[in-house]
Amino acid sequence: MTQPFYVNNPVSYFLQEGQILNSDNNYLLRDKNRRHSLVIKNDGNLVIYKNDISGAPTTAILWQTGKTGGKSEYHFYVTEDGDLKVEESHSKRIMWQTNNRLNKNQGKFFVQLSITGQLLVCNKNRWVVWATQSIHPTNQKINGPFSDVPNILLQNQFLKSDVNDGILFDKTNNYFLKMQSDGNIVIYQKEGSKNNVVWASHTNVGPSRGPFHLKMQDDGNLCAYDNKNAYLWGTGTNGKGYKGQYWAEVKSNGQLIVHDANRDIICFFKQ
């Protein structure tokens, strides 16, 4: 890691490799629309809050690590291989980390909040290489540290059939993938008030096994599971392509695509 230095602004919009967010000075990381704030608490918990109309954090928690170690001074930072860490400053004890081991040639990494409240790690080319597990992600590449990240499912993100209708749209909003409440995964094309099926997994096992979730796994496989984590369907792409940050998307022609870390296509589905 490069020589660290403390963030010296009460409000920052991104955290670069080598910078530290310190619990003692009450500084925070905020998204560009001032809707969410990331705070490192003096008990070591890393928390994303919803903001009020003035841009100040409320008590509404959107995400947290839940890792606490008593009142002390804690540091939050991103390493040269893209790992996020919360560290107790005196003992150097790691309270929480993502265990990312990304290619250092992708650096210099930086951290920011998306306008939907996701915590993102981005590489030097502004590609999102890690994100907090979420249910309806918003992007794949950001235009700069003050921008937000087309509609994709990043590694370790998932769609749930009982949240936001389990929907992932393409960039144009003409097609969408739906993780349905019966276990079926379906791509629809919007035509006026009608939604026409263009592809389906045919895994409709019934709502009694729901809610279901579709997850982009860190082995490259895109899989669907029931409420007991029993396997329903998968792309069979585990271990294929260049290992790293896998991701899936619905293209503007209705295809479901799985990409490897080099953004190469390793799998696609269309009727």
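This is a predicted model: local features need pLDDT of at least 70, side-chain atom pairs count only at pLDDT 80 or more; totals for chains, interfaces and linings use all residues.
Another pair of strands to look at is β19, residues 185-191, and β20, residues 194-200, which run antiparallel and are linked over 6 bridges. Tyr 188 has Val 197 in β20 as its bridge partner. These two strands make a hairpin with 2 residues between them, and in the turn you will find Gly 192, whose phi is positive at about 65°.

There is also an open sheet of 4 strands that begins with β3, and its order is β3-β12-β13-β14, again with antiparallel pairing. In this sheet the edge strands are β3, at 15-16, and β14, at 128-131, each of which pairs on one side only.

As a general background, nonpolar side chains in soluble globular proteins tend to be buried together. In this model the largest nonpolar core has 24 residues, and the members that touch the most other members are Leu 177, Ile 185, Leu 214, Leu 222 and Trp 233. The strand that gives the most to this core is β18, residues 175-179, with 3 residues. A second, separate core has 23 residues, among them Leu 15, Ile 48, Met 95 and Leu 113.

Which residues does Leu 222 contact, once its neighbours within four places in sequence are left aside? The contacts include Leu 153, Leu 214, Met 216, Trp 233, Ala 248, Leu 256 and Val 258, and also Lys 215 and Thr 237.

Staying in that region, Gln 217 lies in the loop between β21 and β22, the latter spanning 222-225. Is Gln 217 buried or exposed? Its relative accessible area is 13%, and because the cut-off for buried is under 20%, Gln 217 counts as buried. Its side chain makes a polar contact of 2.4 Å with the side chain of Tyr 225. Beyond four places in sequence, Gln 217 is in contact with Gln 155, Cys 223, Tyr 225 and Tyr 246.

Let me turn to the charged pairs. How many salt bridges does a search of the whole structure find? The search finds 4, and I will describe some of them. Glu 249 and Lys 251 meet through their side chains at 3.5 Å, N to O; here Glu 249 is buried, with a relative accessible area of 3%, whereas Lys 251 is partly exposed at 31%. Lys 92 forms a salt bridge with Glu 87, with the closest N and O atoms 3.9 Å apart, and Glu 87 counts as buried at 11% relative accessibility. Asp 162 and Lys 160 also meet in a salt bridge, at 3.9 Å from N to O; Asp 162 is partly exposed, with a relative accessible area of 49%, and Lys 160 is partly exposed as well, at 24%.

The last stop is Gly 70, which sits in the loop between β8, at 57-64, and β9, at 74-78. Gly 70 is partly exposed, with a relative accessible area of 36%. Although Gly 70 and Asp 43 are 27 residues apart along the chain, their C-alpha atoms are separated by 4.8 Å. Setting aside residues up to four places away in sequence, Gly 70 touches Asn 42 and Asp 43.

Terms used
Residues are numbered from 1 along each chain as its sequence is written. Side-chain values use heavy atoms; hydrogens and water are left out. Two strands pair if DSSP finds at least two bridges between them. Buried means under 20% relative accessible area, exposed over 50%, partly exposed in between (1.4 Å probe, protein chains only). A polar contact is a pair of N or O atoms within 3.5 Å; within protein, one must be able to donate a hydrogen and the other to accept it, and residues adjacent in sequence count only if both atoms are side-chain atoms. Contact means heavy atoms within 4.5 Å. A nonpolar core is a set of buried Ala, Val, Leu, Ile, Met, Phe, Trp, Tyr and Cys residues joined through side-chain atoms within 4.5 Å.
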